[in-house]
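Hi,

Here is the structure I promised to pass on to you.

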2 protein chains.
Amino acid sequence: MPQSPTVNRQITLASRPTGAPKPADFRIVDAPVPEPADGQVLLRTLFLSLDPYMRGRMSAARSYAAPVEVGAVMVGGTVSRIEKSRNAAFREGDLVVAYSGWQDFALSDGSDLQPLPRAAASHPSLALGVLGMPGFTAYMGLLDIGQPKAGETVVVAAATGPVGATVGQIARIKGSRAIGVAGGADKCRFAVQELGFDLCLDHRAPDFARQLEQACPNGIDVYFENVGGAVFDAVLPLLNTKARIPLCGLVSQYNAEHLPPGPNRLPLLAATLLSRRIRMEGFIIMQDYGHRIGEFTAQMGQWVGDGKVKYREDVVDGLENAPDAFIGLLAGQNFGKLVIRVADK
Amino acid sequence: MPQSPTVNRQITLASRPTGAPKPADFRIVDAPVPEPADGQVLLRTLFLSLDPYMRGRMSAARSYAAPVEVGAVMVGGTVSRIEKSRNAAFREGDLVVAYSGWQDFALSDGSDLQPLPRAAASHPSLALGVLGMPGFTAYMGLLDIGQPKAGETVVVAAATGPVGATVGQIARIKGSRAIGVAGGADKCRFAVQELGFDLCLDHRAPDFARQLEQACPNGIDVYFENVGGAVFDAVLPLLNTKARIPLCGLVSQYNAEHLPPGPNRLPLLAATLLSRRIRMEGFIIMQDYGHRIGEFTAQMGQWVGDGKVKYREDVVDGLENAPDAFIGLLAGQNFGKLVIRVADK
C-alpha cells in the first residue's frame with residue numbers, strides 16, 4: 001500500500017501483549033492528515049525505525065519512559081520530510097530525524113527534530129541506524145562505560161544488529177579483540193567477513209558456553225550487554241577483574257511474563273561483581289548522553305565515510321508490514337538494522 | 001590465656017568449612033617465636049581484626065585473593081608492636097598496622113606495614129575499624145562510587161558494623177538521609193541515637209520490605225551493599241533512576257553452599273539497572289583505592305577527633321576466642337567492630 005497524500009495511516013496499540021506480541025496487538029487505522037498550526041510543521045514519514053525497546057512501551061510496567069496507551073499510535077524514530085512548514089526554522093522539502101511513530105504524517109513544533117546528519121544525506125535511513133540512535137548507543141556505551149583498551153577482549157551479542165555491529169567495529173578500531181555472538185551461521189559469517197569481528201559464535205549451538213570460553217582464552221574485559229539471558233550466563237564466569245558491563249538492552253527478556261525458574265543467580269552475579277571488582281551500568285542513550293550527540297555524529301560520520309565502520313540494513317517496504325517485522329525483530333529474524341520504508345521519497 | 005614471650009600461639013585453618021564455619025574448622029597450635037633475619041622485624045600482636053571477608057579466604061573458590069591453605073595460619077589485619085627490629089626503618093616499641101594474621105608473633109620485612117594513624121595513637125584498635133580498612137571501605141565506596149548528594153536517600157545494612165556505621169555518618173555529613181538496616185532493636189536504637197541515622201530498620205521484621213518502602217518515600221539513591229540477600233531484594237524495587245550501588249561485601253551469602261532456589265532474579269536485577277540507568281560496582285578497598293589512603297586517614301582522623309564520626313567496638317579478649325567470635329560475626333552476633341585483644345600492651 002503506497003502512501004497517500006490525503007490519508008494518515010496509523011498503527012496503534014490494540015492490546016498489551018502477553019509474551020511475544022501478536023499481529024492482533026496492533027491495529028491499522030486511517031486518520032485525516034493533520035494541519036499544522038502556527039509554529040508547527042507537518043512531517044511525512046519516509047523511514048520508520050523498529051527497535052527492541054518498543055516492546056517495553058507496549059507494556060504498562062514501570063520503565064524509563066511512559067508506556068504507549070492502548071489505542072494510541074506506536075512510538076518510534078523516523079526520517080521524515082517537512083511537507084508543510086509554519087515554523088521559520090524549517091523549510092518544506094527538508095529531511096529531519098523525528099519521532100513521529102508508526103504513521104504516515106505527524107505534527108511537530110520542531111523541538112524534537114534533529115537535522116539529518118550530513119553523512120546520511122545520500123542514504124537517509126542511516127540516520128536511524130549506524131548514524132542514529134543505535135550507533136550512538138554503541139559509541140557511548142562502549143567508549144564511556146566500556147572503555148576498551150588495546151589487547152582487551154570485548155564481547156557483544158546481536159553482532160549483526162545495528163548496536164552490536166557498531167560495538168564490535170569500534171572495539172577493533174581501539175585495538176581490542178572483538179568477539180561477536182549472533183543467531184545462525186549466516187550472521188556469524190557476516191560479522192567476521194564483513195564487519196571484521198575476530199570471531200563470532202552462534203548462541204544456538206548446544207555447546208555455546210564452552211565455545212565462548214575457548215574464544216576468550218584471556219577472559220572478557222568488556223561485555224556490552226544488549227540481550228541478557230543465556231548469553232549473559234555464559235559470559236559471567238569469564239569476566240576478568242575490573243571488567244566493565246555497559247547495559248543498554250535485554251532483548252531476550254522483553255517478551256518474558258515471569259522470572260525464569262531457579263536457581264536464583266542474582267547472588268552469583270553480585271559475588272562476581274564484588275570479587276572481580278566489576279562495574280555494571282545501565283544507560284539510556286538520549287537521557288544519559290544526549291549532550292554528546294554532536295561528538296558522535298562527527299566521529300561516526302567520518303568512520304562510515306572512510307569505510308572503517310560498516311553497516312547492514314534490513315529494509316522492509318510498507319508501513320502495514322511494521323507489526324510483522326517488529327514481531328520478527330524480537331525473535332531475531334532480522335539481519336541488520338530493521339527499517340520500514342514508508343515512502344520512497 | 002595471656003600472651004607468652006616464648007610461645008607463638010597460632011590459629012590455623014584445620015579444614016575448609018561447609019556452610020557456616022565450626023570451631024573444629026580451626027586449630028590452635030603452639031609454635032616457636034621466630035627470629036628476625038637482617039632487614040626484618042619481629043611483630044607482636046596487640047589487636048587482631050575479625051572481618052567477614054575472612055570467610056572467603058577459608059574457601060578454595062576463586063576470589064580476589066588466594067585462599068588460606070589448610071594447615072596455614074588464618075590471615076588478618078593487626079595492630080602490632082615492634083618487638084625486635086633488624087630494619088632501620090622501624091624502632092622497637094613502635095606500633096604499626098600489620099597483616100600478621102591470627103597469631104601472637106610474625107615476621108615482616110616492613111613492606112606490608114603502615115604506621116599507626118595519628119588519630120589512633122591513644123586508641124590503637126581504631127586502626128582496625130573506623131580509622132582502618134572498614135572505615136576506608138565506607139569512605140571510598142560511598143564517596144567515590146556512591147556520590148551521595150544533599151537530600152538524597154542512602155541505605156546501608158549492618159548499620160552498627162564498622163563499615164555500615166561509617167557509611168551512614170558520612171552520608172549525614174554530606175546532607176543525605178541515612179537509613180540503616182540492622183539485626184535487632186538494640187542495634188537499631190544505637191544506629192539512630194548514637195550514630196545519627198535518620199532511621200534504622202530491623203531486617204528480621206516479617207514486614208521488613210514494607211517498612212523499608214515506607215522509610216524511603218522518595219526512593220533510594222545510594223544503596224551501599226555489604227550484606228546481599230533479603231535486604232538487597234527489598235532494596236531493588238525502591239532504587240531510583242541513576243541510583244548507585246557500591247558493592248563491598250555480601251556477608252549474608254558467605255556461608256552459602258548453593259545458589260538459592262528460584263525464581264531466578266538475575267534478569268530482574270539487569271532490567272532494573274537498565275531501565276533506571278543504575279551503576280553497580282564491586283570494589284576491594286586496598287586494590288582499588290590503596291593510593292588514596294592518605295586522604296582517607298587525614299579526613300577520617302579529623303571527623304573522629306571532632307566527634308562527627310562515632311564508632312562502636314566489640315572487643316573480645318584472648319586470641320583463643322577468635323574462632324568463636326568469628327563464627328558469631330558471620331551470624332551477626334557482634335555489636336560494633338569486632339576486635340580480638342590479643343595482648344594488653
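Below is what I found, starting with how the two chains sit together.

A bit of housekeeping first. This is a predicted model, in which local features need pLDDT of at least 70 and side-chain atom pairs count only at pLDDT 80 or more, while totals for chains, interfaces and linings use all residues. Residues are numbered from 1 along each chain as its sequence is written, and chains are lettered from A and ligands numbered from 1 in the order in which they are written.

**The two copies**

How many residues of chain B are in contact with chain A? There are 34, and they meet 34 residues of chain A; "in contact" means that the C-beta atoms, placed from the backbone, lie within 7 Å. On the chain B side, the elements giving two or more residues are β12 (239-247), α7 (266-275), β13 (279-282) and α8 (285-289). Helices (H or I, at least four residues) and strands (E, at least two) are DSSP runs, numbered from the N terminus. The largest share, nine residues, comes from α7(B). By class, this side has 19 nonpolar, nine polar and six charged residues (Ala, Val, Leu, Ile, Met, Phe, Trp, Tyr, Cys and Pro count as nonpolar, Asp, Glu, Lys and Arg as charged, and the others, Gly among them, as polar).

Now follow the strands. 12 of them form an open sheet with mixed pairing, in the order β10(A)-β9(A)-β8(A)-β11(A)-β12(A)-β13(A)-β13(B)-β12(B)-β11(B)-β8(B)-β9(B)-β10(B); two strands pair if DSSP finds at least two bridges between them. β10 (199-202) of chain A and β10 (199-202) of chain B stand at the edges, each with a single partner strand, so one side of each is left without a neighbour in the sheet.

Strands β8(A) and β11(A) run parallel, joined by three bridges, and A:V154 has A:V222 as its bridge partner. Next, β11(A) pairs with β12(A) in the parallel sense over two bridges, where A:V222 partners A:R244. Four bridges then join β12(A) to β13(A), also parallel, with A:I245 opposite A:M280. Where the chains meet, β13(A) and β13(B) pair in the antiparallel sense over three bridges, and A:M280 stands opposite B:M280.

Is β11(A) mostly covered or mostly open? It is mostly covered, with five of its five residues buried (20 or more other C-beta atoms within 10 Å of a residue's own; 12 or fewer is exposed, and in between is partly exposed, with C-beta atoms placed from the backbone).

**An exposed residue**

A:A60 is found in the loop between α1 (54-57) and β4 (78-85) of chain A. With 12 C-beta neighbours inside 10 Å, A:A60 counts as exposed. Not counting residues up to four places away in sequence, A:A60 touches A:R16 and A:P67.

Cheers

Technical notes:
Contact = placed C-beta atoms within 7 Å.
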